[in-house]
Amino acid sequence: MKETFTCSLCPRRCGVQRTAHAGEGVCREGTLPVLARAGVHEWEEPCISGTRGSGTVFFSGCALRCVFCQNHQISAGGYGAEVSVSRLREIYFELIAKGVHNINLVNPTHFAHAVIESLHEPLPVPVVYNCGGYERAETLRALAGKVQIYLPDLKYLDPALAARYSGAPDYPGVAKAAILEMVRQVGPCVFDDEDILQRGVVIRHLVLPGAVDNTLDVIDWVNETFAPGEVLFSLMSQYIPCGEAGRFPEIDRTISEEEYRRVEDYLLCCSLEDGYLQQRSAASDCYIPPFDLEGVLKNE
């Protein structure tokens, strides 16, 4: 791995000189990946977690910095441990030895250079690229052939919301272009005989309080853009105020029953049938994993 490089991995393209020492640029990360947890995760969509779980690797830091992030401790709080690329690859195989269905890279965008190197040879299970949707198509193209499943968010199609909550008014256009590139790479969804996804794209959308119209726009875009079976759509209602959400009174609550019913009815009335609808009862912090360096350090 290069000891230093000028970074343009994410759409921020801040051009910071990434070195071995963190602290500069939007993500404030160095060259080596920083991890907060690596373990078996059972709470992804059924086609990802299956019966044996998903081998999740949680990367620290983030270039998007959503104010409501449920992983705020690691995305903005600086928690995690630096590992070498060779150690990152070892972690994949330690998780595979536990019987997981796939290796699930959570928020890896700002370490895409390390991920690419760590996947220099194919793994015996699919690789899931689990991201916020704010991706450069150029970076994604460098991952072609190394990632089999993309699991992006499509958080906003309203630039004002994207600017207010993620400081990224360009998010809608960037995310749509990124998702189109993901689908171009991996093609329509392919499942094994256990209904576990082997290739494809699962688009996630989290319903935000007071932002139902944004959700309806997202549903419309996915429905109008992709043919049946081309992607899966996962509508999530698990929002709880996390991170800095308390500074924004309008999102300092869970979604209401009325909001949930409105988006549920809209989804069920359109022709978008391939995917998942999360129940409102999922709005709980019990689904946030403990970030305790499990599985990160060697011989743990």
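## Exercises on a predicted model

Glu264 has its place in helix H9, residues 257–269; helices are DSSP runs of H or I with at least four residues, strands are E runs of at least two, and both are numbered from the N terminus. The model is predicted, so local features need pLDDT of at least 70 and side-chain atom pairs count only at pLDDT 80 or more, while totals for chains, interfaces and linings use all residues. Residues are numbered from 1 along each chain as its sequence is written, and side-chain values use heavy atoms, with hydrogens and water left out.

**Exercise 1.** Determine whether Glu264 is buried or exposed, and name its side-chain partner.

*Solution.* Step 1: buried means under 20% relative accessible area, exposed over 50%, and partly exposed in between (1.4 Å probe, protein chains only). Step 2: Glu264 has 13% relative accessibility and therefore counts as buried. Step 3: its side chain makes a polar contact of 2.6 Å with that of Arg261. Such a contact is a pair of N or O atoms within 3.5 Å; within protein, one must be able to donate a hydrogen and the other to accept it, and residues adjacent in sequence count only if both atoms are side-chain atoms.

**Exercise 2.** Describe helix H7 and its surroundings.

*Solution.* Step 1: H7 covers residues 171–186, and its 16 residues reach 22 Å from first to last C-alpha, close to the expected 22 Å; the expected span is 1.5 Å times one less than the number of residues. Step 2: its buried residues include Tyr171, Ala175, Ile179 and Val186. Step 3: among the elements covering them are strand E7 (127–131), helix H6 (159–166) and helix H8 (212–225). Step 4: just after H7, Gly187 takes a positive phi of about 75 degrees.

**Exercise 3.** Identify the residues that touch the most other members of the largest nonpolar core.

*Solution.* Step 1: a nonpolar core is a set of buried Ala, Val, Leu, Ile, Met, Phe, Trp, Tyr and Cys residues joined through side-chain atoms within 4.5 Å. Step 2: among the 80 residues of the largest core, these are Val57, Phe68, Leu154 and Val222. Step 3: H7 gives the most to this core, with eight residues.

Methods. Contact = heavy atoms within 4.5 Å.
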